[in-house]
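The sequence and the structure are shown first.

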Amino acid sequence: MSKKIHDMFAQIAGTYDRTNSVLSLGIHHLWRNRLIKMSETKPGDAILDCATGTGDVAITFYKKNKGQGRIVGTDFCAPMLELAEKKSKSNYPEIEWKIEDAQDLSFPDNTFDIATISFGIRNVDNTEDCLKSMARVVKPGGKVLILEFGQPHWPIKPFFNLYSGYILPFVGGIISGDRKAYKYLNTSSAQFPTGKKFIELMEKTQAFSEVYFKSLTSGVCYIYVGKVAG
Ligand SMILES: C[S@@+](CC[C@H](N)C(=O)[O-])C[C@H]1O[C@@H](n2cnc3c(N)ncnc32)[C@H](O)[C@@H]1O
């Protein structure tokens, strides 16, 4: 587990949701909804959302499946998870929140139908370990889905680079008081394997029988799907 990443999220937890909404102009809700649609979930499914942060994906799964089934949100950062719990406890008390490192999940093999991670895998120390850990806890034939930033293509690319390189750290810094965290968002996204390169990483784990991806908003974000091998 990276203490530096953990402490960075602990530091920005209180302003995380507000900063997200401002910086993405609300588009992050559309991206997360797309992830849920691509999961093809149905009421009764057991779902794990890793690196859940303040819990939006887990809560959206709960609403989509009308509270039927099991929804678990995990994160290694207690201050983020506390906000998820606070948000959900009156309306969605059945959602389980648990401190877990996504690279070394403690659940038994084949526990879930679906496991997701949104804007989290870029932050883990070892991407392959994280993918293997998520695939291990999903039943054969179930799905692992990853939502992550990418590097957008032309004609959005120059505008995006300007936005994410300068405006995002500036505005993120003002709202959160931590400019470095939003500079990190930009540099880590720019370096992270995207599209076919990420698919190669998924294939390398040998945990999936089928892998595919969809790019969103001209490549600003990607959703990767792996069907867990039997
Ligand atoms: C950018 S936030 C994303 C939160 C949420 N999934 C969302 O879509 O808003 C990244 C989250 O990943 C968590 N995280 C980073 N590395 C992790 C790890 N190895 N295990 C579990 N959580 C981790 C951080 O604590 C943080 O809450």
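1. Helices, as named in this note, are DSSP runs of H or I with at least four residues, numbered from the N terminus. The model under discussion is a predicted one.

2. The second largest pocket draws the largest share of its lining, 4 residues, from α1. Both α1 (3-12) and α8 (179-191) supply at least two residues each to that lining. The residues in question are Lys4, Ile5, Asp7, Met8, Asp178, Lys180, Ala181 and Tyr184.

3. Which residues of helix α2 are buried? In this helix, which spans residues 16-23, they are Tyr16, Thr19, Asn20 and Leu23. Viewed down the axis of α2, these buried residues fall within an arc of 100°, so they line one face of the helix.

4. Just after α2, Leu25 adopts a positive phi of about 55°.

5. The largest nonpolar core holds 41 residues, of which Trp31, Ile95, Leu147, Tyr182 and Ile223 touch the most other members. Helix α4 (residues 56-64) provides the largest share of this core, 5 residues. Another core, of 31 residues, lies apart from it and has Ile117, Met134, Val137 and Val228 among its members. In soluble globular proteins, nonpolar side chains tend to be buried together.

6. What does Ile223 contact, once its neighbours within four places in sequence are left aside? Its partners include Trp31, Arg34, Leu35, Met38, Leu145, Ile146 and Leu147. Tyr212, Phe213, Lys214 and Leu216 are also in contact with Ile223.

7. Ser118 belongs to strand β4 (residues 112-118). Is this residue buried or exposed? Ser118 has a relative accessible area of 10%, and it counts as buried because that value is under the 20% cut-off. Apart from neighbours within four places in sequence, Ser118 is in contact with Leu35, Cys50, Ala51, Val57 and Leu147. Leu35 and Leu147 are likewise among the contacts of Ile223.

Conventions
Residues are numbered from 1 along each chain as its sequence is written. This is a predicted model: local features need pLDDT of at least 70, side-chain atom pairs count only at pLDDT 80 or more; totals for chains, interfaces and linings use all residues. Side-chain values use heavy atoms; hydrogens and water are left out. On a 1 Å grid over the protein atoms alone, a cavity is a set of points where a 1.4 Å probe fits but cannot get out, and a pocket is an open set with protein on both sides within 12 Å along at least five of seven lines; lining residues have an atom within 4 Å of a point. Buried means under 20% relative accessible area, exposed over 50%, partly exposed in between (1.4 Å probe, protein chains only). The arc is that of the directions from the helix axis to the C-beta atoms. Contact means heavy atoms within 4.5 Å. A nonpolar core is a set of buried Ala, Val, Leu, Ile, Met, Phe, Trp, Tyr and Cys residues joined through side-chain atoms within 4.5 Å.
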